[in-house]
Amino acid sequence: IIKLIELNFFYSLLLFSFFIFFYSALSLPGMLIFIVFAGYVFGLFWGFLICVISATLGSFCFFIVSQHVLSKYFSRIYSKYSNQINLYIKKSTFEYLIIFRIIPGPPLMLQNFFLSMLKISNYKFIFSTFIGLFPVMFFSIYLGNKIKDLGTISNISSSDIFTWDLILTIMLFISVLVVMILLKNKSN
């Protein structure tokens with residue numbers, strides 16, 4: 001497979017980006033496995049670029065479809081929870097959306113489903129998804145890139161993957177968002 005991808009690199013890149021787009025549009029579980037694979041076969045730059053853009057656009061498609069389906073078929077439940085959540089995050093919507101995306105754990109389907117209940121603009125959804133997926137995608141691509149040589153998998157330790165600069169960057173990113181939320185709440 002690796003040789004085939006190397007021979008048809010840009011065709012493979014395009015095909016894989018469509019795959020990630022549809023996979024995230026359906027919000028299927030296990031996408032991180034494919035993201036790590038992208039780092040393994042396409043490298044850090046191309047793997048990251050195609051995965052973050054394709055996953056953002058695929059999530060946006062799920063968001064649009066989910067918004068219309070939920071509001072149409074579950075209007076009473078949808079409006080009740082939607083109004084409560086929108087009231088709570090009204091002052092710092094953008095920051096909360098990014099933090100919600102950064103936190104690893106909730107599957108993409110649940111994230112997209114809950115975000116579709118909010119009254120947010122398409123621009124805010126796309127931009128916050130892009131920024132929020134950035135750290136997890138980068139980490140996964142980085143991991144795939146680190147294990148490129150099958151012989152070195154047994155030699156990789158957690159300290160090679162969880163480097164201090166990676167951890168500090170994510171913590172700094174979250175801290176900046178929390179400070180922005182606190183400043184907005186204080187000024188309002």
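In this predicted model, Thr-93, Phe-94, Leu-97, Ile-98, Arg-101 and Ile-102 of helix H5 meet Lys-124, Phe-125, Phe-127, Ser-128, Thr-129, Ile-131, Gly-132, Leu-133, Pro-135 and Val-136 of helix H7, where contact means heavy atoms within 4.5 Å. The protein has 9 helices and 0 strands, with helices (H or I, at least four residues) and strands (E, at least two) taken as DSSP runs numbered from the N terminus. Local features need pLDDT of at least 70 and side-chain atom pairs count only at pLDDT 80 or more, while totals for chains, interfaces and linings use all residues. Residues are numbered from 1 along each chain as its sequence is written, and side-chain values use heavy atoms, leaving out hydrogens and water.

**Overall picture**

- Along the sequence, the pattern reads α-α-α-α-α-α-α-α-α.
- Of the 188 residues in the protein, 39% are buried; buried means under 20% relative accessible area, exposed over 50%, and partly exposed in between (1.4 Å probe, protein chains only).
- Among contacts with a separation of 6 or more, 79% come from residues 24 or more positions apart.

**How H5 meets H7**

- H5 (residues 93-102) packs against H7 (residues 122-146) at an angle of about 35 degrees, and their axes are 8 Å apart. These axes are lines fitted to C-alpha atoms, for helices over the stretch in contact, and angles run from 0 to 180 degrees between N-to-C directions.
- The residues of this contact divide into 10 nonpolar, 4 polar and 2 charged. Here Ala, Val, Leu, Ile, Met, Phe, Trp, Tyr, Cys and Pro count as nonpolar, Asp, Glu, Lys and Arg as charged, and the others, Gly among them, as polar.
- The crossing of H5 past H7 is right-handed, meaning that the near helix is turned clockwise from the far one by less than a right angle.
- H5 is mostly covered, with 8 of its 10 residues buried. Those residues are Thr-93, Phe-94, Glu-95, Leu-97, Ile-98, Ile-99, Arg-101 and Ile-102.

**The largest nonpolar core**

- This core has 20 residues, and those touching the most other members are Phe-16, Ile-20, Met-31, Ile-35, Phe-42, Cys-51 and Met-137. A nonpolar core is a set of buried Ala, Val, Leu, Ile, Met, Phe, Trp, Tyr and Cys residues joined through side-chain atoms within 4.5 Å.
- Helix H2 (9-25), helix H3 (31-73) and H7 each supply at least two residues of the core, and H3 gives the most, with 11 residues.
- Beyond its neighbours within four places in sequence, Met-31 contacts Ile-20, Tyr-23, Ser-24, Ala-55, Leu-108 and Met-137.
- In soluble globular proteins, nonpolar side chains tend to be buried together.

**Cysteines**

- The structure holds 0 disulfides, a disulfide being a pair of cysteine sulfur atoms within 2.5 Å.
- Cys-51 is buried, at 0% relative accessible area, whereas Cys-61 counts as partly exposed at 32%.

- Phe-19 sits in H2 and is partly exposed, with a relative accessible area of 34%. Its C-alpha atom is 9.6 Å from that of Ala-55, a residue 36 positions away along the chain.
- Ala-25 also belongs to H2, and its relative accessible area of 16% makes it buried. Setting aside neighbours within four places in sequence, Ala-25 is in contact with Gly-58, Ser-59, Cys-61 and Phe-62.
- Ala-25 and Ile-64 are 39 residues apart in sequence, with 10.0 Å between their C-alpha atoms.
- Ser-27 lies in the loop between H2 and H3 and is buried, at 2% relative accessibility. Its phi is near 50 degrees, a positive value in a residue other than glycine. Most residues other than glycine have a negative phi.

- Gly-47 is part of H3 and is buried, at 0% relative accessibility. Not counting residues up to four places away in sequence, Gly-47 touches Ala-38, Phe-42 and Ile-141.
- The C-alpha atoms of Gly-47 and Phe-16 are 9.5 Å apart, with the two residues 31 positions apart along the chain.
- Ile-167 lies in helix H9 (residues 164-187) and is partly exposed, with a relative accessible area of 33%. Ile-167 and Phe-139 are 28 residues apart in sequence and 9.9 Å apart, C-alpha to C-alpha.
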